Amino acid sequence: MDHSGHGMTMDLPPFTLGRGLEWSADPFFLVACLVGLGLYGWGVVRLVRRGDKWPVGRTVAFVVGVLTIALMMCTRLNDYGMVMFSVHMVQHMVISMVSPILILLGAPITLALRALPTAGRGRKGPRELLLMFLHSRYMRIITHPAFTIPLFIASLYGLYFTPLFDTLMSSKPGHIAMMVHFFAVGLVFFWPIMGVDPGPHRPGYLMRMLELFAGMPFHAFFGIALMMASEPMVGTFENPPASLGIEALADQNAAGGIAWAFSEIPSVLVLVALLFQWYASDQRQARRTDRAADRDGDKELEAYNAYLASLNAQGR
């Protein structure tokens, strides 16, 4: 029986990590990953050639982020994920949370804005169109927490606990669309929180942390619901191939444990990134204050001292 729509019979042997990591590329995601890496590399080379610097850490984060997508979608993990709920859940968690965070840390929008040439007065090139998109009403809506947090939650409960999941999993285009959706939801959820690239919604650091922790508990609750269920809850994984040697309910419980555990990973990654950004922002502000003091002879301090002196004189 063809469970996957991938054009192959899913008589897979029992899952092992070695078998899961064997090469089995999905053409759509392979091309997408190569194009993403190529465009990013072009931007970095363009900056370097004109004498500008681009942080190595950003390049590493972006490359690793793209490679995590390739790892999930261009190996046999993708084949096993069509018939094993636990493997599918690893794919979902990585593509919706780990990959977007790493790619956002690579600041691809900032790189594009710096690398793309300006079109000239009165004309609109790729750079101008990107700026228009960033400042559009559409972007203000889809990056606002009133939209991103409910979308983040609905992508779990509204998908897995309705027939929509089984419908999407029944065809290759549906499966690709679902994985692209997971990635897109992760991007719009974490983009305002990460704050590396420019965007229309840019709250303070404390508010970003609140946005992060507003969404994460629902992943944990979702995982617990799967672990506590007494029967299979998703039709696609009700009857795993006999060749796998697994029980559907045990595999679902494992999937729930993965969803529950993964809710902590992005929280830690993003929290560490936010703390570093907060510290760097404070350092930049301190340097700006020092430069301003050097320019104006520390007039603010002199004015404050004069104010204290006047209060002291009034108190006599």
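In the predicted model, the side chains of arginine 76 and glutamate 22 form a salt bridge, with an N to O distance of 3.3 Å. Arginine 76 is located in the loop between α3 (56–73) and α4 (77–80), whereas glutamate 22 is in the loop between α1 (17–20) and α2 (27–49); the pair therefore ties together parts that are 54 residues apart in sequence. The two partners were also examined for solvent accessibility. Arginine 76 has a relative accessible area of 17% and is therefore classed as buried, the limit being under 20%. Glutamate 22, with a relative accessible area of 37%, is partly exposed.

Arginine 76 also takes part in a salt bridge with aspartate 79, for which the N to O distance is 3.9 Å. This distance falls within the 4 Å cut-off, so the pair counts as a salt bridge. Both aspartate 79 and arginine 76 are buried. Through these pairings, Glu22, Arg76 and Asp79 are linked in a network of salt bridges. In general terms, side chains of opposite charge can pair when their charged atoms come close.

Across the whole structure, the search returned three salt bridges. One of these joins aspartate 52 to arginine 50, with the closest N and O atoms 2.6 Å apart. Aspartate 52 is partly exposed, at a relative accessible area of 28%. Arginine 50 is likewise partly exposed, with a relative accessibility of 42%.

Two further positions were considered, one in helix α9 and one in helix α11. Threonine 148 belongs to helix α9, which spans residues 145–160. The relative accessibility of threonine 148 is 2%, and this residue is therefore counted as buried. When neighbours within four places in sequence are set aside, the contacts of threonine 148 are Ile142, Thr143, Val188 and Phe189.

Proline 173 is found in helix α11, which covers residues 172–194. With a relative accessible area of 61%, proline 173 lies over the 50% limit and is therefore classed as exposed. The C-alpha atom of proline 173 is separated by 9.7 Å from that of phenylalanine 28, although the two residues are 145 residues apart along the chain.

Definitions and conventions: Residues numbered from 1 in each chain as written. Predicted model: local features only at pLDDT ≥ 70, side-chain atom pairs only at ≥ 80, totals over all residues. Heavy atoms only, no water. Helix = DSSP H or I, 4+ residues; strand = E, 2+ residues; numbered from the N terminus. Buried < 20%, exposed > 50% of the residue type's maximum accessible area, 1.4 Å probe, protein only. Contact = heavy atoms within 4.5 Å.
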